[in-house]
Amino acid sequence: GCSSTSQPVVYTSLNDLSGSGISIYPNPVIDRLNISFMNPPSGMITLNIYNALGELLQKETISGSTEQIPWTFPAGAYGVEISTPSGKYITRVVKL
C-alpha cells in the first residue's frame, strides 16, 4: 500500500505580500518563478511550494535580492510560502 510522508499544510491566517517588499512574478507562472526582495533580509530565507492539497512539493533556500525558481509543475493553483527571520508570507500562484 501507499503511505504519506508529509502532513498537509492548512492555511488559517496569512500574511500576504502587500507591504512586505517581496515580489513574486509572473502570475500566472510559465516556466520560472521570480522572487525579488526590495530590502533583502539578513539570515536564512526559505521558499516552500505547496499543491492545492497543501502537500509540500519543493523547498528552496534563497539568498540575495532576486531568485529564479524553475517551475516544472503542471497546470493548477499552488501556495508559495516565503519564510524570513521577520515572518512567513504566503501567496497563491497559478500555472496555466
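Visitor: Why is glutamine 58 called buried?

Guide: Buried means under 20% relative accessible area, exposed means over 50%, and partly exposed lies in between (1.4 Å probe, protein chains only). Glutamine 58 has a relative accessible area of 17%, which is under 20%, so the residue counts as buried. The model is predicted, and local features need pLDDT of at least 70, side-chain atom pairs count only at pLDDT 80 or more, while totals for chains, interfaces and linings use all residues. Residues are numbered from 1 along each chain as its sequence is written, and side-chain values use heavy atoms, with hydrogens and water left out.

Visitor: What does glutamine 58 touch, not counting residues up to four places away in sequence?

Guide: With contact meaning heavy atoms within 4.5 Å, glutamine 58 touches Leu47, Asn48, Ile49, Ile69, Pro70 and Phe73. The side chain of glutamine 58 also makes a polar contact with the side chain of glutamate 60, at 2.6 Å. A polar contact is a pair of N or O atoms within 3.5 Å; within protein, one must be able to donate a hydrogen and the other to accept it, and residues adjacent in sequence count only if both atoms are side-chain atoms.

Visitor: Is asparagine 48 buried or exposed?

Guide: Asparagine 48 has a relative accessible area of 8%, under the 20% limit, and is therefore buried. Its side chain makes a polar contact with the side chain of tyrosine 50 at 3.5 Å. Beyond four places in sequence, asparagine 48 touches Leu56, Gln58, Lys59, Gly79, Val80 and Glu81.

Visitor: In which strands are asparagine 48 and glutamine 58 found?

Guide: Asparagine 48 is in β3, and glutamine 58 is in β4, residues 56-62. Helices (H or I, at least four residues) and strands (E, at least two) are DSSP runs, numbered from the N terminus.

Visitor: Why is the pair of tryptophan 71 and phenylalanine 73 called edge-to-face?

Guide: A pair of aromatic rings is described by the distance of the centres and the angle of the planes. Rings of Phe, Tyr and Trp (its six-membered ring) pair if their centres lie within 6.5 Å; planes under 30 degrees apart count as stacked, over 60 as edge-to-face and the rest as tilted. For tryptophan 71 and phenylalanine 73 the centres are 5.2 Å apart and the planes stand at 85°, so the pair is edge-to-face. Tryptophan 71 and tyrosine 78 are likewise edge-to-face, with 5.3 Å centre to centre and 85° between the planes. Trp71, Phe73 and Tyr78 form one aromatic cluster. Tryptophan 71 and phenylalanine 73 are both buried, and so is tyrosine 78.

Visitor: Which residues have the most contacts inside the largest nonpolar core?

Guide: They are Ile22, Ile24, Leu33, Ile35, Leu47, Trp71 and Ile82, in a core of 19 residues. A nonpolar core is a set of buried Ala, Val, Leu, Ile, Met, Phe, Trp, Tyr and Cys residues joined through side-chain atoms within 4.5 Å. The elements giving two or more residues to this core are β1 (22-25), β2 (32-37), β3 (45-50), β6 (76-84) and β7 (87-95).
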